[in-house]
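The following briefing concerns the structure displayed below.

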Amino acid sequence: MSTTGPTEPSAPASLATADLPARVRRVLEHALVLVSEELDRGMQRMLVEFERELFRLADMARNPGAESGYMQALRSFRLNRADLLPRFMVQVESGLAAVRSPALQHEAAAVEPEMPDFRNLSLVDTSVMDEDTVLGDIASRQEGRAALALHLLGQRFGVLAGSPAFDAARLPLGPHALCRAIRVAAVELELGYDARLLLYRMFDRHLMAGYGRILELLNELLAEEGILPALVFVPVRARPSPVEAPATREDAAGAPSGPGPRKAADGQKPQQQLHT
């Protein structure tokens with residue numbers, strides 16, 4: 001008899017199959033179309049430069065093994081390059097479709113992190129760690145550059161999900177989600193490790209360079225759809241404390257602090273008042 005618990009239902013693969021309210025599905029479909037259109041040009045530039053760079057690296061390789069590896073990656077990429085954007089967008093759509101999944105709801109409600117279990121330690125492939133580092137750096141840079149737009153979008157996605165606001169790490173259209181999507185798409189293209197790292201650099205240069213504008217357009221779209229239309233961010237400024245005027249030298253010596261006799265201009269002696 002198996003001791004494992006019941007299997008959790010798999011996340012929906014598309015918005016059409018997701019169990020979402022009609023209005024939420026419609027808004028998410030509009031957001032998906034916007035992201036697809038905005039990323040299309042950058043994706044095409046990325047593919048052209050990626051193919052050119054693979055050819056250049058193969059031509060400059062100093063040993064037959066490296067040259068063979070780059071040429072194999074180039075042949076594989078040329079056969080499957082048309083599939084990269086569709087597979088990337090499938091991952092993005094899957095994240096949107098799972099916006100109300102129990103896993104995300106549980107993660108949003110979690111406050112205290114779980115203690116790691118050191119009984120089941122295992123070695124991690126160095127290549128996996130390197131890919132995690134490269135993609136994590138890309139996502140973290142975008143998170144720092146567009147913190148305000150991500151915060152507003154996270155609040156709006158919280159409304160769509162019926163949950164607390166999403167942080168950048170869990171946001172379905174956040175930088176971490178897009179980096180996960182390009183990684184899955186690259187693996188499905190059967191690109192080698194070095195070729196994938198090169199693709200991630202091209203992804204950062206051509207697609208994520210315009211990510212801030214995409215976030216602004218998404219916030220505008222959701223506001224037009226009635227999702228927190230009046231949401232703005234007003235920074236809280238500390239009220240300045242009153243500053244006392246510094247004491248003058250005469251005040252410190254005990255002299256009266258009122259204005260003294262006015263000096264005569266041009267070296268003239270001050271005139272005395274005459275009493276009649």
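The accessible surface of the protein chain comes to about 18,500 Å² (Shrake-Rupley method, 1.4 Å probe; for residues, only the protein chains shown count as cover), and carbon and sulfur atoms hold 55% of this surface. The model is predicted: local features need pLDDT of at least 70 and side-chain atom pairs count only at pLDDT 80 or more, while totals for chains, interfaces and linings use all residues. Residues are numbered from 1 along each chain as its sequence is written, and side-chain values use heavy atoms, with hydrogens and water left out.

**Overall architecture**

- The protein chain contains 10 helices and 0 strands, these elements being DSSP runs numbered from the N terminus (helices: H or I, at least four residues; strands: E, at least two).
- Of the 276 residues in the protein chain, 34% are buried, where buried means under 20% relative accessible area, exposed over 50%, and partly exposed in between (1.4 Å probe, protein chains only).
- Among contacts (heavy atoms within 4.5 Å) with a separation of 6 or more in the protein chain, 79% link residues 24 or more positions apart.

**Nonpolar core**

- A nonpolar core is a set of buried Ala, Val, Leu, Ile, Met, Phe, Trp, Tyr and Cys residues joined through side-chain atoms within 4.5 Å.
- The largest such core has 65 residues, of which L28, M46, F50, L84, F88, F157 and F203 touch the most other members.
- Two or more residues of this core come from each of α1, α2, α3 (84–97), α5 (126–145), α6 (147–161), α7 (175–188), α8 and α9 (211–224).
- The greatest contribution to this core is that of α1, with 13 residues.
- Beyond its neighbours within four places in sequence, L28 is in contact with L15, L20, L96, V99, F157 and L160.
- In soluble globular proteins, nonpolar side chains tend to be buried together.

**Helix α2**

- Helix α2 (residues 64–80) has 17 residues and should span 24 Å at 1.5 Å a residue, which agrees with the 24 Å between its end C-alpha atoms; the expected span is 1.5 Å times one less than the number of residues.
- A73, L74, S76 and F77 are the buried residues of α2, and they pack against α1 (22–60) and α8 (193–206).
- At the start of α2, a side-chain oxygen of N63 comes to within 3.2 Å of the backbone nitrogen of G65.

**Buried polar residues within helices**

- E53 lies in helix α1 and counts as buried because its relative accessibility is 18%.
- The side chains of E53 and R56 are joined by a polar contact of 2.4 Å (a pair of N or O atoms within 3.5 Å; within protein, one must be able to donate a hydrogen and the other to accept it, and residues adjacent in sequence count only if both atoms are side-chain atoms).
- Leaving aside neighbours within four places in sequence, E53 is in contact with L198 and M202.
- Q142 belongs to helix α5 and, at 3% relative accessibility, counts as buried.
- Not counting residues up to four places away in sequence, Q142 touches L150, P175, D204, M208 and Y211.

**Positive phi in loops**

- E190, which is not a glycine, has a positive phi of about 60 degrees.
- This residue, E190, sits in the loop between α7 and α8 and counts as exposed at 66% relative accessibility.
- L228 likewise has a positive phi, near 50 degrees, in a residue other than glycine.
- The loop between α9 and α10 (249–252) holds L228, which counts as partly exposed at 31% relative accessibility.
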